[in-house]
Amino acid sequence: MLKSRFTRIGFILAASGSAVGLGNIWKFPYITGENGGGAFVLVYLLSVFFIGMSVFIAESLIGKKANSDSVTAFETLSLKNGHRWKFTGLSFITSLLILSYYPIVLGWVIHYIYLSLTTLPSTVQEAEGVFLTLLKKDYTSQVLYFTVAMIVVGYTIAQGVKSGIEKFNKFLMPSLILLLIGMLVYSFSLDGFSQAFTFLFLPNFEKFSGESVIIALGHAFLTLSIGMAIILTYSSSLKEDSNIFQSSVIVVIMDTLIALVAGLIVFSILFTSGAQPSQGPGLVFITLPAIFYEFGSFGNVIAILFFVSLLFAGLTSSISVLEPTVKFLEHRWKVTRAKASYYTVFAMYLFGMLSLFSNITEFNEMLIFWDKKFFDWLDFITSSIMLPLGGLGVAIFVGYIMDKDVIKAELLPHMGVKLYNLWMFTLRYVVPVSILAVMFYEVG
Ligand code: PHE
């Protein structure tokens, strides 16, 4: 069968495109701010490099070896009981559900690009009003942006691995990196830079707690896009001779560097204007726009660069959440790629409306269950329950179920015995314990 496959660089860009997203530029800075800075960053780095990377390598291994959709992958790679293990591959449903709300947030980013081109709110109070109006009242704009984002996602995936995913990422990822470098250089010139640097890299345990550890661990999973069959599916389009250990290390480093650079940029801007780091989720959509305004017309330029970076990062992640479902429909149900892409996007577009309208005050009565909006339920169920379960499945499958000779043949030549043993130990013991801890904490 002739299949389109990633080139080496194409895979690295696509996988980092998925990993680097709103999580890196929006969420990482605000959770770091809330948890006091340096000490949290340290624990986050340990979680990403130790636990996250181990699962990433394992998921990539499953994908490359099976060379198929996620369900077939678990079915064929298990030594016995394939008919049961195939259910682990249903983790692609997590990414499918995320497809219904992640592009809504991307829509907010598009709105902020528009605001940066026109007028930014001049005070934090005004900025709060602007954001809440968009979120709770302005469904026309939100539906419009959501529609545009979904069309881009559907179209890109319909083009296939090489001319869709690879091409898209080959343009957007280098552009994102250039934008971030530009803004980083600008932050060097700001008065707040040294304070931002100390805040991020000098461990400070004042606001750090047991909860911070759990948040760091949970974010390590989300930020690497593991546990939802994305990395598995992308890896199934790798060439036979690719070195998955090396590509995993590069992607994890890239994801981490980009989060740290985003943190430096955001905190330099914040400290320059004397704002507090612990602003929560509103940091990027409320606090920053008001500061950009203070910077005068140059502030508009920085605002545009900032929100365009956020858009690029979010787009490459959004396309990655569609691919696992499309691959599944293509392989198992023999649907053509184009049909699979457009039908899935359309279904999730309609389903996503429930999330979108659950934020709109005028309509949301029917969309709030047990005090949580539909939007927040989906976020909670996917990131706090399904995602950790998916990661657990990958770790247990590679740690205990898959043929060790197959794993060794693939990884030993690249990792060496010591590193391989450490990795296996992490998968078998450290990952399951940490995931269960995160889940009990978040659900309990
Ligand atoms: N890794 C992405 C980020 O950091 C998050 C993501 C979640 C990506 C779900 C795809 C799907 O933003």
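Predicted model: local features only at pLDDT ≥ 70, side-chain atom pairs only at ≥ 80, totals over all residues.
Local features here need pLDDT of at least 70 and side-chain atom pairs count only at pLDDT 80 or more, while totals for chains, interfaces and linings use all residues. Residues are numbered from 1 along each chain as its sequence is written, and side-chain values use heavy atoms, with hydrogens and water left out.

Let's start with the ligand.

| Residue (backbone atom) | Ligand atom | Distance |
|---|---|---|
| Serine 18 | nitrogen | 3.2 Å |
| Leucine 22 | oxygen | 3.0 Å |
| Glycine 23 | oxygen | 2.7 Å |

Now for the helices, which are DSSP runs (H or I, at least four residues) numbered from the N terminus. Helix 1 (residues 8–19) packs against helix 10 (residues 161–188) at an angle of about 70°, and their axes are 9 Å apart. The axes are lines fitted to C-alpha atoms over the stretch in contact, with angles running from 0 to 180 degrees between N-to-C directions. Helix 1 is therefore roughly perpendicular to helix 10, a label for angles of 65 to 115 degrees. Contact (heavy atoms within 4.5 Å) involves Ile9, Gly10, Leu13, Ala14, Ser16 and Gly17 of helix 1, together with Ile165, Glu166, Asn169, Lys170 and Met173 of helix 10. Five of these residues are nonpolar, four polar and two charged; Gly counts as polar here.

In the other pair, helix 9 (residues 139–158) meets helix 17 (residues 337–358) at about 160°, with the axes 9 Å apart. These two helices are therefore roughly antiparallel, the term for angles over 145 degrees. On the helix 9 side, the contact residues include Tyr139, Phe146 and Met150, and on the helix 17 side they include Arg337, Tyr342 and Met348. This contact divides into 15 nonpolar residues, five polar and one charged.

Methods
Parallel < 35°, antiparallel > 145°, perpendicular 65-115°, else oblique. Polar contact = N/O pair within 3.5 Å; in protein donor to acceptor, adjacent residues only side chain to side chain.
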